[in-house]
Structure formats: structure tokens, C-alpha cells
Amino acid sequence: MEGALQLPIIDLSSTNPTSLTDSLRKACIEDGFFYIVNHGVLRKNHRGYTPFYDEKLDLVDNPKGDPKENIYFGAPEDISPYGNLNQWPPEEALPCWRSTVEEYYRAILNLGKRVLSLIALALNVNEDFFEKVGAFNPPGALLRPMHYPVAGEIDYSDDKHMHGCGAHTDYGMITILMTDGVPGLQVCRDKLQQRQIWEDVPQLNGGFIINIGDMVERWTNCLFRSIYHRVTKPEQEHYSVAMFFDPSPDCVVECLKSCCSESSPRFPPVRVADYLKENYNITYGYQCKFLFCSSY
């Protein structure tokens with residue numbers, strides 16, 4: 001670990017659209033991670049539960065799986081492109097939980113669409129590019145509250161290399177993350193280096209942490225980078241909430257003409273549902289039925 005990373009800050013209140021998209025383009029190319037501030041998202045007082053060790057993102061450092069738990073939620077309307085519904089705890093057990101999560105989901109969904117319209121402009125295409133290629137028809141956005149317990153509450157084993165969340169890239173378009181401020185998130189901006197350098201990403205008060213996912217990297221032929229990241233073994237219990245903004249399952253992702261010639265794309269075209277299914281099955285080590293119905 002080489003200290004804290006100074007991520008670029010994208011201010012959505014900017015009145016200079018050219019400066020805003022230029023800053024975003026620079027962040028996507030150079031860092032793959034950035035902060036969003038002045039986003040206008042309200043701040044107020046389950047697709048299914050994933051238990052401890054169920055996710056296996058990095059079998060080298062976390063061979064047993066990741067020592068965290070989380071819950072997946074999709075659209076509040078319970079309309080899932082993959083044929084499954086949200087699973088909610090009883091209202092009497094957690095009063096106002098469902099209404100709060102649904103309100104937050106809608107707000108973050110709108111923020112995600114706004115960020116992606118800025119990313120389109122930063123790529124010198126129309127701001128509605130992702131909508132026109134079918135990425136929002138409907139978007140496959142999943143909201144995911146996560147819990148990282150401390151050692152003693154759960155067995156982290158004696159392996160000094162074990163982490164709260166193993167090293168990985170995100171599979172979708174972008175991820176929008178809010179943490180409780182407890183340190184832990186780290187990024188490695190060049191995973192191919194023989195000596196990997198990991199840098200801390202602190203929570204910015206009032207801001208969201210945004211990172212580029214594999215789909216945008218494939219669309220841009222690696223111009224905008226999907227960055228390797230992980231969560232360290234927690235020294236104190238902490239929570240975070242991530243929105244994984246995926247394209248519609250039938251959307252086909254292929255290299256933008258502005259990012260490569262016909263002879264130079266690094267990735268072949270891929271249908272989103274096929275890519276996500278393959279990667280989730282690798283992550284969980286079994287057919288991932290809670291995310292995908294049998295037709296996919």
C-alpha cells in the first residue's frame with residue numbers, strides 16, 4: 001500500500017459543460033475512479049441475501065471467499081429483466097426500510113443516468129448514446145448494502161493476505177458507492193505490474209465514489225479504464241452501499257467507432273446477459289439463479 005490516492009472531483013453544479021465533460025474524460029482515462037459532488041441526491045435517516053464467504057472474487061488472497069455479507073435489490077417496481085423479484089424483510093422487523101431503500105434506489109438511478117450522459121459527451125457522442133443503444137431498456141441497476149465485520153466476529157483466518165473484499169473489477173457500466181467513512185477501499189491502477197501498488201480511496205464528505213466498469217471499458221476499447229480494486233481486512237466494523245449500473249441484458253456492447261478502427265478492437269461484441277452470467281457464475285462458483293432466470 002502506497003498511501004492515499006488523490007482522486008479527481010467532478011462537480012455536477014458546474015455551469016461550464018465543456019469543462020465538466022473534459023474533467024470527466026480525463027478522470028475516466030487516467031484513474032477510472034472519481035468523486036461526484038453536488039449531485040442533489042437526498043440524504044435521509046432484498047433480490048436476495050448473500051452470506052459470508054459466498055462471493056469468491058479473488059481466490060489467491062481469499063480462497064475461502066470474501067468475509068462480508070450483502071443484499072441485492074433491483075428496481076422498486078419489482079420489474080426484473082432476469083425474472084426475479086426483490087426480497088424484503090418484514091415491515092415490523094425493519095420499519096420504513098423498504099420505502100427508504102426504494103427512494104434511495106430511484107435517486108441513485110437518476111444520478112447514474114446523468115453520469116452516463118456526461119460520459120457519453122466525454123466520448124464525443126450524443127448524450128443519449130447509451131439510451132439509444134438499448135442500455136436503459138431497462139437498465140439492470142442493482143443496489144447493494146454491504147456489511148464488513150471485524151475479526152473476532154468472523155473468522156478471517158491467519159492468512160495475512162485475506163481481505164474484506166477480494167481484488168476485482170466491476171462487470172457493468174459504472175458503480176456508485178457511498179461508505180460510512182471507515183477506511184478500506186483500495187485501487188490498483190496497473191494490475192499487470194509485477195509489484196502491484198495499492199492506494200487508499202478515502203470517502204469524500206458529501207460525495208459519491210464512482211468507478212468505471214468492464215462494459216464502458218469494452219465500449220471504449222480500454223480508453224476509459226475499469227480499475228482493479230479491493231477492500232482491506234477491516235479494523236472496525238463498517239458498512240457501504242453500492243449501485244451497480246448495468247446495461248439492459250439484451251444490449252450488445254461493442255467498440256465505439258471513435259475509440260478504435262475496425263481492425264483494432266480489443267474485445268469482440270458481447271451481449272450483456274451473457275457476459276454478466278459468465279462472470280457471476282465464476283464469482284459465486286455455481287449457477288447464479290438469484291440474478292438470472294433460466295432463459296438466460
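1. Strands, as the word is used here, are DSSP runs of E with at least two residues, numbered from the N terminus. By that numbering, Cys-251 sits in the loop that links strand 12 (238-245) and strand 13 (252-253). The model is a predicted one, and the points below should be read with that in mind.

2. Is Cys-251 buried or exposed? Buried means under 20% relative accessible area. Cys-251 has 3% relative accessibility, so this residue counts as buried. Its contacts, apart from residues up to four places away in sequence, are Val-133, Gly-134, Ala-135, Trp-219, Val-270, Arg-271 and Val-272.

3. The next point concerns other cysteines. The whole structure was searched for disulfides and one was found. The bond runs between Cys-255 and Cys-260, with an S to S distance of 1.9 Å. Both of these cysteines are buried. Cys-165 is buried as well, because its relative accessible area is 5%, and the cut-off is under 20%.

4. Strand 2 (residues 33-37) deserves a paragraph of its own. Five of its five residues are buried, so the strand is mostly covered. In a regular strand, side chains alternate between the two faces of the sheet. In strand 2, Phe-33, Tyr-35 and Val-37 are on one side, while Phe-34 and Ile-36 are on the other, and all of them are buried. Both faces of strand 2 are therefore covered.

5. Which strands pair with strand 2, and in what sense? Strands of a sheet pair through backbone hydrogen bonds, either parallel or antiparallel. Strand 1 (residues 9-11) pairs with strand 2 in the parallel sense, over three bridges. Within this pair, Ile-9 stands opposite Tyr-35. To get from strand 1 to strand 2, the chain passes through helix 1 (residues 17-30), and this β-α-β crossover is right-handed. Strand 10 (residues 208-212) pairs with strand 2 in the antiparallel sense, over four bridges.

6. Asp-31 belongs to the loop between helix 1 and strand 2. Its relative accessible area is 9%, so Asp-31 is buried. The side chain of Asp-31 makes a polar contact with the side chain of Arg-189, at 3.2 Å. Beyond its neighbours within four places in sequence, Asp-31 is in contact with Pro-8, Lys-26, Arg-189, Arg-225 and Ile-227.

7. Another sheet feature to trace in the model is an open sheet of four strands, in the order 6-11-8-9, with antiparallel pairing. Strand 6 (165-168) and strand 9 (199-200) stand at the edges; each has a single partner strand, so one side of each is left without a neighbour in the sheet. Inside this order, strand 8 (residues 185-188) and strand 11 (residues 228-231) pair in the antiparallel sense over four bridges. The bridge partner of Val-187 in strand 11 is His-229.

8. His-238 lies in strand 12. With 4% relative accessibility, His-238 counts as buried. Neighbours within four places in sequence aside, its contacts are Met-146, His-147, Tyr-148, Asp-180, Val-182, Pro-183 and Val-231.

9. Does the length of helix 2 (residues 97-122) agree or disagree with what its residue count predicts? Its 26 residues, at 1.5 Å a residue, should span 38 Å, and the C-alpha atoms at its ends are 37 Å apart, so the two values agree. After helix 2 comes Asn-124, which has a positive phi, near 65°.

10. Ala-75 is in the loop between strand 4 (69-72) and helix 2. Its relative accessibility is 16%, so Ala-75 counts as buried. The C-alpha atoms of Ala-75 and Arg-106 are separated by 7.9 Å, although the two residues are 31 apart along the chain.

Notes:
Residues are numbered from 1 along each chain as its sequence is written. This is a predicted model: local features need pLDDT of at least 70, side-chain atom pairs count only at pLDDT 80 or more; totals for chains, interfaces and linings use all residues. Side-chain values use heavy atoms; hydrogens and water are left out. A disulfide is a pair of cysteine sulfur atoms within 2.5 Å. Buried means under 20% relative accessible area, exposed over 50%, partly exposed in between (1.4 Å probe, protein chains only). The expected span of a helix is 1.5 Å times one less than its number of residues. Two strands pair if DSSP finds at least two bridges between them. A crossover is right-handed if, with the strands pointing away from the viewer, the path from the first strand over the helix to the second runs clockwise. A polar contact is a pair of N or O atoms within 3.5 Å; within protein, one must be able to donate a hydrogen and the other to accept it, and residues adjacent in sequence count only if both atoms are side-chain atoms. Contact means heavy atoms within 4.5 Å.
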